[in-house]
Amino acid sequence: MRHCFLSVFLAMAVSLMPLSVQARESETNLSSVQLDKMVVTATKTAHTMEDVPVETILITSEDIERSSAKTVSGLLSDIPGFNFSQQSDLTGAMGYKNTVRGLNVESRYLLVLVDGQRVFTGYHAGGMASAGFSHNVNVVPVSMIDRIEVVKGPGSALYGSDAMVGVLNIITKQPTRDTKVTVGGGYRYYTVDGNTYLFVKPSQKHRSSFETHATVSGSFNDKVRGTLGVSHEENDGINPDIYDVFQNYVHGRIVMDPTDNFQVRAGAEFTQWQAQNNDLDDKKTEDAPRLWASADYAFNRSHKIKIQTYYQKLDADFSDQDYGIQQADVNYRDLEMQYTGHFFDAHLLTLGMEYLEEDFSTNLVETNISTSSFYAQDEWSLMDNRLILVPGVRFDDNDVYGQEWNPKFSAMYKPLLSTRLRFSTGYSFKAPTAIQSSADPINHVSMYVLSNSCLEPERAFTIQAGIEQDFLNARLVLGVTGFYSDIDDLITMAATDQLLNGLPAVMYQNVNSAEIKGIEVTADAELMAWLHLLLTYAYTDARDKDTNDRLVDTPEHAVSVKLDYDNEKYRFGSTLSLSYTSDQLNTDYGIGGSLVTDEYTSVGLKVWKDILKNARISVEAANIFNQSLTGSDTIHVDQSVMARLNFTF
């Protein structure tokens, strides 16, 4: 089957290579080259990294190419405040212990977008008994990603629910005007270690994975261009027993420019995932198609309107040995209209309306949720653009949890051309999920979990301030950000006096509040023309305000170091990486086991060499000193070696 998929990819690439390539001298929209240097997520308007008024982290295509990461979670591991240390960098691995600034990613405190649109992720990217209600970042194969934009801090003023600690925008590969074909793949050997929270250890530690992909991009004529990509991945999983896990991914988009001031974009993607163990009669499948379209019309250079819509479906079918039969049929339908206009030479006004409809049809819950929203934002430039003030607010009207107003204020001041001061404060919220508010009792093996229709949205007030300073003509960039968040009405599972089928029952309730504060530091240095250093550090103090206990899965200290060497003359290079996290608390399931994951250090090395004109081969090793993740209640990838080969035409 592997050779079959590779043959299909190669045939696809060769068949599409004759696409014609023509360039236009003028474009209303940003070119692909310009887009590499721009970010749009923080304000829904285009800015350079130096001028974006809200703190934004950009993972470029060059960063992705240098990285050894196999998944999005691996790419994010260097960002201070992101704790993915217990997430295995493997397709389909559960991410239920991932946190950002102390709050759980799977529980939807971080909003995940693909190409600016909210996505609904499934079991294979999150897990446990959520039947499609989990939430994680591994929704697009790394081979299909052009860049990633990360905005930390309150994001509900523009994006509504789930953007409590920030917004992650995964931007897929865009159509090029020149014909470009990429084909590649890799093989990985890895070992697993650890145990589940029920103390089950892996039956076989030595495992393997395989990945292959192809993309083709180009122009049909001077007004139409497109891209098509496919990816296939297989691995043995990280369950106690070996599973046959595979994921197929198909992505396509087309861009049309009927006139100089009008652009239409449309695309589709399809993810097929399966994990199966015949001996255990255990099979899990997911199909997730997504269709989208958008149109931009510029009345003139100062006023522009954008309309976009998308439809996403998740069809999941599980036969789990622990949790039984689970099925999910989830549908997202969204329509958004946005106006952007310049006024009085100093104001950039953004107004938008959005309608989101969510249908949940599972063996646990049957419900429909719709949200109507309106948002407004003003980017006010003062002092010859050295000071930018950005007030904004969003109103959400949800037919289940009610109405929410979420204001935000951001500012950036440049006392010098090489100095950037950024400040943000605002309110954000997370609406209860359908599982939390409307589901039937859920069997979590050691207990039953009851939903609660009276839940209120979780609310947070956040304030953050940072400084970014360039030295030596930007060969050294230092950044420091401090933040404070006060969170009320946290939803947690609280004990009840009930027993169901002999097991204790807990219920989702708004009972907790939390206080999270910290400092995040980044040093980005070009030591030599051929040697680059990235150093990050995060201190996070995340605590339950009622008990003063630390929040789970959140180390107080985390360090990441990455050293890149690039020899242009002989066309080879290497990347040495190190990550450290201090100890983390585990969830107390009341069944014994370790409550602390010990401090953990991992070292990785990647070596690459360009061969011929258009090929690159690389060898990558992770956790080369075989450091154990002691005390973690997960089975995880322990040590791995991977070889890759990529061709670009």
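How many cavities of 30 Å³ or more does the structure hold? The count is 6. This is a predicted model.

## The largest cavity

About 300 Å³ of space lies in the largest cavity. Its lining is made of 26 residues. Closest to the centre are S161, E358, T371, N398 and A431.

What kinds of residue form this lining, by nonpolar, polar and charged? The lining divides into 11 nonpolar, 7 polar and 8 charged residues.

## Elements around the cavity

Several elements give two or more residues to the lining of the largest cavity. Four are strands: β18 (324-343), β19 (347-362), β20 (366-382) and β21 (387-398). Helix α6 (434-438) also belongs to this group.

Which element gives the largest share of the lining? Strand β19 does, with 5 residues.

## A histidine in strand β12

H213 is found in strand β12, which spans residues 206-219. Is H213 buried or exposed? H213 is buried, because its relative accessible area is 8%, and buried means under 20%.

Key: Residues are numbered from 1 along each chain as its sequence is written. This is a predicted model: local features need pLDDT of at least 70, side-chain atom pairs count only at pLDDT 80 or more; totals for chains, interfaces and linings use all residues. Side-chain values use heavy atoms; hydrogens and water are left out. On a 1 Å grid over the protein atoms alone, a cavity is a set of points where a 1.4 Å probe fits but cannot get out, and a pocket is an open set with protein on both sides within 12 Å along at least five of seven lines; lining residues have an atom within 4 Å of a point. Grid points are joined across faces, edges and corners, and a volume is the space filled by probe spheres set on the points. Ala, Val, Leu, Ile, Met, Phe, Trp, Tyr, Cys and Pro count as nonpolar, Asp, Glu, Lys and Arg as charged, and the others, Gly among them, as polar. Buried means under 20% relative accessible area, exposed over 50%, partly exposed in between (1.4 Å probe, protein chains only).
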